[in-house]
Amino acid sequence: MSIFINKDTKLVVQGITGRDGSFHTKQMIEYGTQVVAGVTPGKGGQTFEGTVPVFNTVYDAVDKTGANTAVIYVPPMGAADAIMEAVDAGCALVVCITEGVPVLDMTRVYPFVKERGARLLGPNCPGLISPGESKVGIIPGRICAPGPVGVVSRSGTLTYEIVYQLTRAGIGQTSCVGIGGDPINGTNFIDCLEAFEKDPHTKAVAMMGEIGGTDEQEAADFVKHHMTKPVVGFIAGQTAPPGRRMGHAGAIISGSAGTAAEKIEAFKAAGMGVAQRPIDFVDLIKAGLK
Amino acid sequence: MNIHEYQAKEILRGFGVPIPAGDIATTPEQAEQLAIKLGTAVMVKAQVHAGGRGKAGGVKFCKTPADAKEKATAILGMQIKGLTVEKVLVTVAADIASEAYVGIIVDRSRKKPVFMVSAAGGIDIEQVAADTPEKILYLPVDTRYGLRSYEAMRMGFFLYSDIKLVKQAAKIMQQLYAAFMASGCSLAEINPLVGTPDGTLLAVDGKMVVDDNELDRRPEIVALRDESSEAPSEVDARNCNLTFIKLDGDVGCVVNGAGLAMATMDLVKYYGGEPANFLDIGGSSNPEKVVNALRIITEDANVKCILFNIFGGITRTDDVANGIVTATKNNPLKVPIVIRLTGTNEEIAMKILTENGFTASNDMDEAVKKAVQLAKGGKAA
């Protein structure tokens with residue numbers, strides 16, 4: 001079992017003929033994801049890699065193929081429009097990989113998506129994977145294995161690092177979800193924790209946060225009041241200076257708010273396990289699974 | 001991206017916000033001439049990207065042009081939080097009857113721009129928020145509809161009782177909001193918004209921070225960038241498409257991905273060292289990026305050891321290995337290097353490195369420990 005995507009996920013790729021879009025589409029197909037359509041305006045009627053039909057619009061793609069999920073690899077200035085197009089066309093889940101989307105664009109996109117009852121993951125995220133079933137985005141499939149742990153993270157490569165260490169230690173995953181490093185994103189930690197709590201196959205959750213904002217503190221509060229499954233947390237950016245954007249647009253300590261210390265305190269107050277180092281996840285998760 | 005006060009004021013003035021007259025001086029003589037031209041008492045204000053300019057002595061009231069020259073002499077060239085003052089703003093000193101705070105920030109939890117207004121202006125708004133939160137009105141704006149008239153009026157009434165001031169304030173809220181949206185800001189503030197004894201409102205200080213993600217579509221904002229106010233290594237890195245932040249430690253870090261880069265810095269600290277920088281070479285493994293990253297890091301004289309931490313997903317570790325070999329062939333390293341890489345094409349990468357006289361490991365903790373030891377002048381185990 002898994003959250004958000006599974007073997008029945010039918011995917012349309014926006015920007016399928018671009019450099020990143022084509023590379024990752026091949027990887028997704030290789031992993032076993034049902035990629036049913038691609039969209040590149042002006043290239044409708046072509047076929048990607050001889051198997052995936054390309055359409056001019058997401059409407060056409062959904063209409064002709066029954067796609068229910070979209071993944072976006074378009075340049076940042078076009079990403080807001082691409083998200084809204086996918087939602088308008090009826091995709092229930094839209095995963096935006098694109099990095100560099102202006103935050104003011106997201107202030108319009110967020111309510112648009114919510115009001116239509118769709119789920120947006122990202123932007124600026126690596127997507128998600130349900131090992132053995134489906135992957136949508138760019139998480140390398142070979143570092144994952146099916147198993148009982150739910151993984152949710154604001155990061156990309158740090159997630160891979162931790163998932164890889166779990167897999168090497170023989171601990172597989174139900175789903176790994178990258179929610180993205182931007183200040184405004186469609187899906188937050190709580191959305192994922194709630195889904196993992198409901199998923200009968202998830203027995204423990206690994207959560208990787210970082211400096212900036214209050215998403216982790218709110219998540220800790222949710223864990224305290226609504227989670228029966230053990231959750232282990234980690235915060236990146238303990239050595240980050242205040243006022244500087246640490247790569248991710250959302251990873252910034254504003255004034256004295258959003259520090260690693262306050263987030264770790266919140267985790268402890270919620271009774272969560274706290275990983276000091278990435279490698280500590282292995283023992284803490286093992287203990288949680290017992 | 002930060003812009004200077006005088007630049008923010010120019011933008012706000014363009015949207016109709018009332019701003020006291022003034023201009024920029026880079027010499028004491030220019031400051032004197034501006035004071036003569038303005039024909040009144042002036043403020044001389046340091047233009048640097050740092051808060052607390054007043055406390056640092058970078059903002060002075062000057063009664064006469066001679067006074068302005070003297071104060072400008074003191075302020076130009078002074079250091080504020082490590083930044084050298086190269087420009088001052090010489091501006092009409094306003095008569096102050098009241099001081100309010102007006103700001104807009106993008107609020108992450110509400111997922112909207114939120115106005116913060118308070119009649120307790122002129123001081124640190126974070127302090128007001130902590131001590132007397134009831135003195136601040138928070139007003140989220142739905143950017144699909146923009147700031148509605150009634151919302152602007154509500155903020156005006158929160159700040160003032162005189163209807164003339166309320167209406168002026170409401171108009172300024174609209175102008176500030178328009179400037180905020182048009183410039184792609186993540187923050188814009190007027191602090192203080194001064195009420196003069198004759199009943200007019202003036203934006204005496206202005207600040208704008210632009211979302212870096214907006215810059216591709218706002219060349220007019222990019223043109224305002226003042227590279228003299230940034231660390232040269234950070235300017236260099238930006239021009240090479242690297243995300244780099246200089247810190248004070250001695251372990252130079254080269255990592256792919258922002259989260260892993262932060263986690264690597266944290267692990268350096270965990271094992272008793274201090275990171276010299278944050279550096280993310282990004283998702284692509286273009287060897288040229290590795291060459292540039294090594295050049296920028298080795299220019300920092302504090303760096304005693306270089307640590308590579310690469311998790312190959314999309315990034316091919318053999319590309320990174322080739323980058324290291326190329327970079328060090330052209331410019332042999334003067335400090336030790338510790339390489340950790342794992343993931344895509346790890347075996348090929350290890351072979352390339354070994355053939356060129358490097359050692360590498362695939363264990364993150366082991367590599368970080370070794371780098372910290374080497375930076376301290378110790379022998380690696």
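**Two interfaces in a predicted two-chain model**

I would like to start with one pair of residues, A:D191 and A:R119, whose side chains meet in a salt bridge at 3.9 Å, N to O. Please keep in mind throughout that this is a predicted model.

That pair brings us to the domains of chain A, which the assignment gives as domain 1, residues 10–121, and domain 2, residues 139–289. Their centres, taken over C-alpha atoms, are separated by 26 Å, and the contact takes 10 residues from domain 1 of chain A and 11 residues from domain 2 of chain A. Between these two domains of chain A, the buried area is about 900 Å², with 59% of it given by carbon and sulfur atoms.

On the side of domain 1 of chain A that touches domain 2 of chain A, helix 4 (103–115) and strand 7 (119–121) of chain A are the elements that give two or more residues, and helix 4 has the largest share, with 5 residues. By class, that side of domain 1 has 7 nonpolar, 1 polar and 2 charged residues.

Let me turn now to the interface between the chains. Here 49 residues of chain B are in contact with 58 residues of chain A, and the two chains bury about 4300 Å² between them, 58% of it on carbon and sulfur atoms. Which residues of chain B lose the most area to chain A? They are B:R108, B:K111 and B:N213, which together account for 19% of what the chain B side buries.

How many salt bridges does the rule find across the interface of chain B and chain A? The count is 6, and B:E234 and A:R244 also meet through their side chains in a salt bridge, at 2.7 Å, N to O. Polar contacts between chain B and chain A come to 18 residue pairs, both residues being at pLDDT 80 or more.

Several elements of chain B each supply at least two residues to the side that touches chain A, including strand 8 (112–118), helix 6 (163–182), strand 16 (305–312) and helix 13 (364–375). Helix 9 of chain B gives the most to that side, with 10 residues. As for residue classes, the side of chain B that touches chain A divides into 20 nonpolar, 13 polar and 16 charged residues.

Terms used
Residues numbered from 1 in each chain as written. Chains lettered and ligands numbered in written order. Predicted model: local features only at pLDDT ≥ 70, side-chain atom pairs only at ≥ 80, totals over all residues. Heavy atoms only, no water. Contact = heavy atoms within 4.5 Å. Buried area = accessible area lost by both parts, 1.4 Å probe. Salt bridge = Lys/Arg side-chain N within 4 Å of Asp/Glu carboxyl O. Polar contact = N/O pair within 3.5 Å; in protein donor to acceptor, adjacent residues only side chain to side chain. Helix = DSSP H or I, 4+ residues; strand = E, 2+ residues; numbered from the N terminus. Nonpolar A, V, L, I, M, F, W, Y, C, P; charged D, E, K, R; others polar. Domains from an automatic or database assignment.
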